[in-house]
Amino acid sequence: MAVADDIALIQKQEAELVFSVFDEAVAFKIGGSTIRDRALAQSLPIIVDIRTFDRPLFYAAMPGSNASNPDWARRKINVVQRFLKSTYRMVLEQQRPDRSFKPGEGLDISDYVLAGGGFPITVKGAGVIGVIAVSGLPEREDHGVVVDALCSHLGVDGRELALPPEAK
């Protein structure tokens, strides 16, 4: 699948994975009952950080995650808040192997990173209000963990929205 196809599919994910309501209970259900349970069952060494733009709602660190994962998540959260789209889409659109934004953007690498795993929380009628960030796996997989959890929670057929495995 070409990069343009991946970008189009991610745009479709962002357009379809929309909540009618998002609150602390929803954050806990997605973070705890969906992402955390999957991570434990599959031994995924990740952290998950779910927040609105004004406060954290859910955080968990799985066995095997490390001290750098929360900082990667923080920088992914900043990217979603700034651009209101998923960080993996930004990676594919920007095509910057150094993980930084172009110098003219004025975005410091210590606060913004091009790495997949941050996904916007969009509420119908309100727009993007927050972020779900996962860190610890290769970026396409971090992105997939979030999309799978959102599909599960929203009752959307994940097979239609899943990115195919990356070509080797």
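Ser-65 is partly exposed, with 22% relative accessible area. The structure described here is a predicted model. Ser-65 sits in the loop between β3 and α3. Leaving out residues up to four places away in sequence, Ser-65 touches Pro-45, Ile-46 and Ile-47. The C-alpha atom of Ser-65 is 22 Å from that of Val-91, and these two residues are 26 residues apart along the chain.

Asn-66 also belongs to the loop between β3 and α3. Its relative accessible area is 41%, so Asn-66 is partly exposed. Between the C-alpha atoms of Asn-66 and Ile-47 there are 8.6 Å. Along the chain, Asn-66 and Ile-47 are 19 residues apart.

Arg-55 lies in strand β3. Arg-55 has 38% relative accessibility and therefore counts as partly exposed.

Ile-30 is found in helix α2. Its relative accessible area is 0%, so Ile-30 is buried; the cut-off for buried is under 20%. Neighbours within four places in sequence are left aside in what follows. On that basis, Ile-30 is in contact with Phe-19, Phe-22, Ile-35, Ile-50 and Ile-132, and also with Ala-149, Leu-150 and His-153. The C-alpha atoms of Ile-30 and Ala-61 are separated by 14 Å, and the two residues are 31 residues apart along the chain.

Ile-30 is also part of the largest nonpolar core, which has 42 residues. Phe-22, Ile-30, Ile-35, Ile-46, Ile-50 and Ile-132 touch the most other members of this core. At least two core residues come from each of α1 (3-16), α2, β2 (47-52), β3 (55-61), α4, β4, β5 (127-135) and α5. Helix α5 gives the largest share, 6 residues. A second core of 6 residues is separate, and Ala-73, Ile-77, Val-80 and Ala-133 are among its members.

Two helix pairs were examined. Packed helices are described by the angle between their axes and by the distance between the axes. Helix α2 (residues 24-42) packs on helix α5 (residues 139-154) at an angle of about 120 degrees, and the axes are 10 Å apart. This angle makes α2 oblique to α5. The crossing of α2 past α5 is right-handed. On the α2 side, the contact is made by Val-26, Lys-29, Ile-30, Thr-34, Ile-35 and Arg-38. On the α5 side, Gly-144, Val-145, Asp-148, Ala-149, Leu-150, Ser-152 and His-153 take part. The residues of this contact divide into 6 nonpolar, 4 polar and 3 charged.

The second pair is α1 and α4. Their axes come within 10 Å and cross at roughly 155 degrees. Angles over 145 degrees count as roughly antiparallel. That makes α1 roughly antiparallel to α4. The crossing of α1 and α4 is left-handed. Helix α1 brings Val-3, Asp-6, Ile-7, Ile-10, Gln-11 and Glu-14 to the contact. Helix α4 brings Tyr-88, Arg-89, Leu-92 and Glu-93. The residues of the contact of α1 with α4 divide into 5 nonpolar, 1 polar and 4 charged.

Backbone angles were also examined. Most residues other than glycine have a negative phi. Leu-84 has a positive phi, near 60 degrees. Leu-84 lies in the loop between α3 (69-83) and α4 (87-94). With a relative accessible area of 45%, Leu-84 is partly exposed. Arg-99 has a positive phi as well, near 70 degrees. Arg-99 is placed in the loop between α4 and β4 (118-123). Its relative accessibility is 28%, so Arg-99 counts as partly exposed.

Methods:
Residues numbered from 1 in each chain as written. Predicted model: local features only at pLDDT ≥ 70, side-chain atom pairs only at ≥ 80, totals over all residues. Heavy atoms only, no water. Axes fitted to C-alpha atoms, helices over the stretch in contact; angles between N-to-C directions. Helix = DSSP H or I, 4+ residues; strand = E, 2+ residues; numbered from the N terminus. Parallel < 35°, antiparallel > 145°, perpendicular 65-115°, else oblique. Left-handed = near helix turned anticlockwise from the far one by under 90°. Contact = heavy atoms within 4.5 Å. Nonpolar A, V, L, I, M, F, W, Y, C, P; charged D, E, K, R; others polar. Buried < 20%, exposed > 50% of the residue type's maximum accessible area, 1.4 Å probe, protein only. Core = buried A, V, L, I, M, F, W, Y, C linked by side-chain atoms within 4.5 Å.
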